[in-house]
Each structure stands twice: as structure tokens, then as C-alpha cells.
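Reader: I am new to this structure. Can we go through it in short questions and answers?

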Amino acid sequence: MKVAVVGCAHGELDAIYAALAEAEAARGVRADVLLCAGDFQAVRNAADLASMACPPRFRDMRSFWRYYAGDARAPLPTLFVGGNHEASTHLQEIPLGGLVAPNIYFLGNAGVVNFRGLRIAGVSGVYTEHNFHKHRFESPPYPRSQIKSVYHARREDVDRLLRLRAPVDVFLSHDWPRGITDFGDLAALLRAKPFLKGEIADGSFGNPASRKVLDALAPSFWFAAHIHVKFPALVHHDSGKTTRFLALDKALPKRDFIQILDIPRADGEAEAEAESAIELDPEWLTILRTEAEQRGRQTPVSEEEMHATVQKMQASGVKPFLSPINDFERRAAMHDPKGRGTVEQGQVVLQKENKSIMAALGLPEDAWLAKQQIAQVNGAQAAPVTPYLVSLLFSPTASSPKTSSTKLQTTKDSATAFGAMLYSTLGYSTVVRFVITAAYFVFIFFAITTRGTAPSSFPPPHPFDPVSNRPAQHHTPLPTSTSPPHQHHTYRTLAKLHAFRSSLP
Ligand SMILES: [Mn+2]
């Protein structure tokens, strides 16, 4: 089977499909499937764009939205994992994986699927140590920290992958497994990316969890992206298996961003008939199901358990495979190219198919979504802000409003909870209450004025460095004055104070 691989797509679907058409016209090579190793940018609309982690001036719709809206169609089945530049609200709706547009499939937080007999596994996100052991807790509108942590790799995904035993043909990750640079032309890599030298030398470069997965699964191929450079490597495992690793550049003209490989099935069987269906993987689903039943289970699953999974799926009427062509259902608004003004991040509504699979296999939804999101999905109302303020000021016996973590939806509600906390902690005297109320208003002011917003119009495409999140070096650097307006305000106030003092006799 001919498998096309791209590095970071950064939303440039038109360019990528055009490159494939060019390859076919020039050399007669036709790819059967396209794999993308993250930074896919499945941005459906301006609300999705507001959930992407990158400086606002680099936020750009690019071309995915037209595939979502039905204006354009993916010419071949396209599968991807998430990176660190994604429409995070969109991907959070499909933690188990699913279609994001006709013929375009997201593998989920981690996932395994089968396409024409090829077994493809992958994990989304990039590694940072401080969020690795946390459950997912992010809920839009993401505060500044969550817009990043939402794409951080999590141990629970890695633990699931480590339970796989059946051979994996292809693995996709966004960042590179730690130590992979030992297995390729390191000198050439450092010539292209000299800034990696320190991290590679002290052994901190790359994802240590992915390295565990690479060693344990020993897939035939491993594709990655993120560093924006082509880097092939060959890993010989103790078991005698070999992994061919390939990282590719991002989709820009004259870069090594796309490669077409011939990948035979690991079991040597002939390829399945030209059926373009993405089949869910029984071993993977059974890993999820048994983990829900036996918390903390780390052992592999048995064949009997896999049979039970398939039976449960059939009993619930969940399709064992998805047709990438017909089963797509639009959930969010389509992009309005004429739209203007500030756009808020969208809410996360769990995709229907993901809900059905969770119900069929007994996966608790709150293990997959932050509790706040469950509350949103179920239509829970946030504690009202204004009545609480009124009660705080005018009623001597006012009690704290009922706030719970499940109902915190917006910054305003966080402010309510904060106010309630202060109120219940500090007591009831009028003076104290006045001080608390004043502090509360100040808090709300800063909470509201410091919220991230999308740009009112979209700047032209402008490449930026994925590692530093800054413009690539040959472009104009960002202006250095980034101090928020309230600092200027403070400065002016102090200046006035000094002027006042110096005017005293
Ligand atoms: Mn990246």
C-alpha cells in the first residue's frame, strides 16, 4: 500500500493535496492514504481558531474549514494525530478519535485503527513533565495555562498504548521519541537545527514516554513532526524487529514535508479490497473497556475479552467500522469568511459516536472530559453573578451561592467562586464585607480584561517557530513592548504621585 506522510500540516490541506496530485502526474505514484503527524489545525470556524495555542497575530484559518464546510473534499483518506497547534476545542470533542470532515479522521488522544489491513496507532500532544501525570482538566474558554496544557501528553494514554500486544505497522506522534537522534545522522540534524544541541547533549530532547512506546511496540514505521526538519532513523530492537523512523518538515514550498512510502502489511496478507473504511481496533477498545472495569489495570487483554468487547459493541448497535465518506455529521458552525469582531472559544460537546462507544463499553464520560465539560453538555447553569453581589451587599445573612467545580464555566463564574470563598473565609462585619466586595470587583475587572480574544481580522499566513512560538528567524521579530495596559496605567499613577510629592513644599 502506498502511504503518504506529511509533517506539520499547519492547516495547509490545499497545498498538501496539490503536492500529491503533482506527484501522481509527474511520477504516476498514487497514494492510498495520507498520514499527518500533528499540527493539523482542524479549524472549523473562528471559535475553534480562538482555542489554538499561538500568538493571536499568527492565527489564520488556512484551508481546513473548506473541507469541513463541504466546499472542498479530501481526495484520499487522511488520518492525523494532534500536535501543539490545534483547534483544541474541536479535538476535545473526539477524545476516542473520529471524523473531523468527510474522509479526514483524528486518531484521538491516543488510538489504534485499521485501514485496509494496515494497523495504525498514534498519540497526540507534546510532552512536558509537569502535566504528564495529571488527568485532563481543561475546559474552554481556556485560561492562558490551559490553552497549552490541553495539548500536553498524558500518562494515561501512554499506559494504554503500552498494553498493546498485536503488532503495529505504523505509529504517529507529534514530538520525537527521546533518544531517537542516536539512530540517525545527528551531525546533519544539528547543522539544520543547531539549537537542539544542548538538549540532545544533556539527554532532555524528545518525549521519554514515546520512547517507552517505541521500545515496547517496535512498530515497523514511526512518523513524527514538530521540529520542522526531515530526519530519518533506523532503530534495531533487542527483539530483532526494526523501526524505520521518519520525521518530516512542515508544509511549505521547497521543504521536505511529504513522502510516499510503500508499506506492506506486517502479517504478509494481501491488502483488503479497495474498501476505504476506517475500522476500530478490538484490542484497543478492549484496553479501554477493561481499564474502566478494573482501575489501574496494566496487563494486556485476552482474546476472550476482545470477543466480549465486540459483542458489547454489536449489542449496542455501534458500528465496528466507520466509513470515512458517509458517516460524517457536522456539529459546529461553519466558518463565515466575512465574519468580524472578537470571537469566544466554543464549548466542547462530545461527539455522538464517541458517546455511543463510551456507553457501549462502560467508559465513564468524566474520565475523558473535564467535569466542567460534562456540566456544559448536560446544560447545567452557572451560579448567577449579579444576584450574589446584590445579596452580598444588602443581606446581612446572605449565604454563599452554591458553587461547585462542575458548574464553573466562565471566568465570571470563577470570579463568583472566588468571591464566595473570600466571603465565607473572612467573616461578616460590614467593613470586611466592603473590602471583600471591592477586591471582588478588582478581580473581576482583571479576569475580564486579561482574557484572550481572537483577532478581529485574520493576518496573512506567517510561519512561526514551533519550539519558541516566535516568528521564524528570517521574519520580522515581534515588537518587544508586550507589557499589558494596566502596567502603563500603574506607571502613570506613580508618575502622578511623584509629581505631586515633588510639588509639596
Ligand atoms: Mn508542533
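Reader: In which sense do strand S13 and S14 pair, parallel or antiparallel?

Author: This is a predicted model. In it, strand S13 covers residues 278–280. Glu 279 has Phe 321 of S14 as its bridge partner. Two bridges join S13 and S14, and the sense is antiparallel.

Reader: Which strands lie at the edges of the sheet?

Author: The open sheet has eight strands, and its pairing is mixed. Their order is S10-S11-S9-S8-S7-S6-S13-S14. An edge strand here pairs on one side only. That gives S10 and strand S14 (321–322).

Reader: How many bridges join strand S7 to S8?

Author: S7 spans residues 118–123 and runs parallel to S8. Ile 120 stands opposite Val 170 in S8. The number of bridges between S7 and S8 is four.

Reader: Are the faces of strand S8 buried or exposed?

Author: S8 runs over residues 170–173. Val 170 and Leu 172 are on one side, Phe 171 and Ser 173 on the other. Both sides are covered, and these four residues are buried.

Reader: What angle does H10 make with S8?

Author: H10 lies across several strands of the sheet. They are S7, S8, S9, S10 and strand S11 (242–247). Against S8, H10 runs at about 180 degrees.

Reader: Why do the buried residues of H10 line one face of the helix?

Author: Helix H10 covers residues 208–217. Its buried residues are Ala 209, Ser 210, Val 213, Leu 214 and Leu 217. Look down the axis of H10: these residues line one face because they fall within an arc of 145 degrees.

Reader: Why does Ala 218 count as buried?

Author: The cut-off for a buried residue is 20 or more other C-beta atoms within 10 Å. Ala 218 counts as buried because its number of C-beta neighbours inside 10 Å is 20.

Reader: Where is His 228?

Author: His 228 is another residue with a positive phi, about 60 degrees, although it is not a glycine. His 228 is buried, with 24 other C-beta atoms within 10 Å. Its place is the loop between S9 and strand S10 (231–236).

Reader: Which residues touch the most other members of the largest nonpolar core?

Author: That core has 104 residues. Phe 223 is in contact with Val 5, Leu 35, Ala 37, Val 170, Leu 172 and Leu 246, leaving aside neighbours within four places in sequence. The residues that touch the most other members are Val 5, Val 6, Leu 35, Val 170 and Phe 223.

Reader: Which two residues does a cis peptide bond join?

Author: Most peptide bonds are trans. Here one has an omega of about 0 degrees. Its second residue, Pro 141, lies in the loop between helix H5 (129–132) and helix H6 (146–149). The cis bond joins Pro 140 and Pro 141.

Reader: How far apart in space are Asn 84 and Val 150?

Author: Asn 84 lies in the loop between strand S3 (78–80) and helix H4 (88–92). Asn 84 counts as buried, with 25 C-beta neighbours inside 10 Å. Asn 84 and Val 150 are 66 residues apart in sequence. In space, C-alpha to C-alpha, they are 8.9 Å apart.

Reader: Why are H11 and H12 called roughly perpendicular?

Author: Helix H11 (residues 282–293) packs against helix H12 (residues 303–315), with the axes 9 Å apart. The contact includes Leu 285 and Arg 289 of H11 and Met 306 and Val 310 of H12. Angles of 65 to 115 degrees count as roughly perpendicular. H11 and H12 therefore qualify, with an angle of about 90 degrees.

Reader: What share of the chain is buried?

Author: The chain has 18 helices and 14 strands. Of its contacts with a separation of 6 or more, 75% are between residues 24 or more positions apart. The chain has 505 residues, and the buried share is 40%.

Methods
Residues are numbered from 1 along each chain as its sequence is written. This is a predicted model: local features need pLDDT of at least 70, side-chain atom pairs count only at pLDDT 80 or more; totals for chains, interfaces and linings use all residues. A residue is buried if 20 or more other C-beta atoms lie within 10 Å of its own, exposed if 12 or fewer, and partly exposed in between; C-beta atoms are placed from the backbone. Two strands pair if DSSP finds at least two bridges between them. The arc is that of the directions from the helix axis to the C-beta atoms. A nonpolar core is a set of buried Ala, Val, Leu, Ile, Met, Phe, Trp, Tyr and Cys residues joined through C-beta atoms within 7 Å. Two residues are in contact if their C-beta atoms, placed from the backbone, lie within 7 Å. Axes are lines fitted to C-alpha atoms, for helices over the stretch in contact, and angles run from 0 to 180 degrees between N-to-C directions. Angles under 35 degrees count as roughly parallel, over 145 as roughly antiparallel, 65 to 115 as roughly perpendicular and the rest as oblique.
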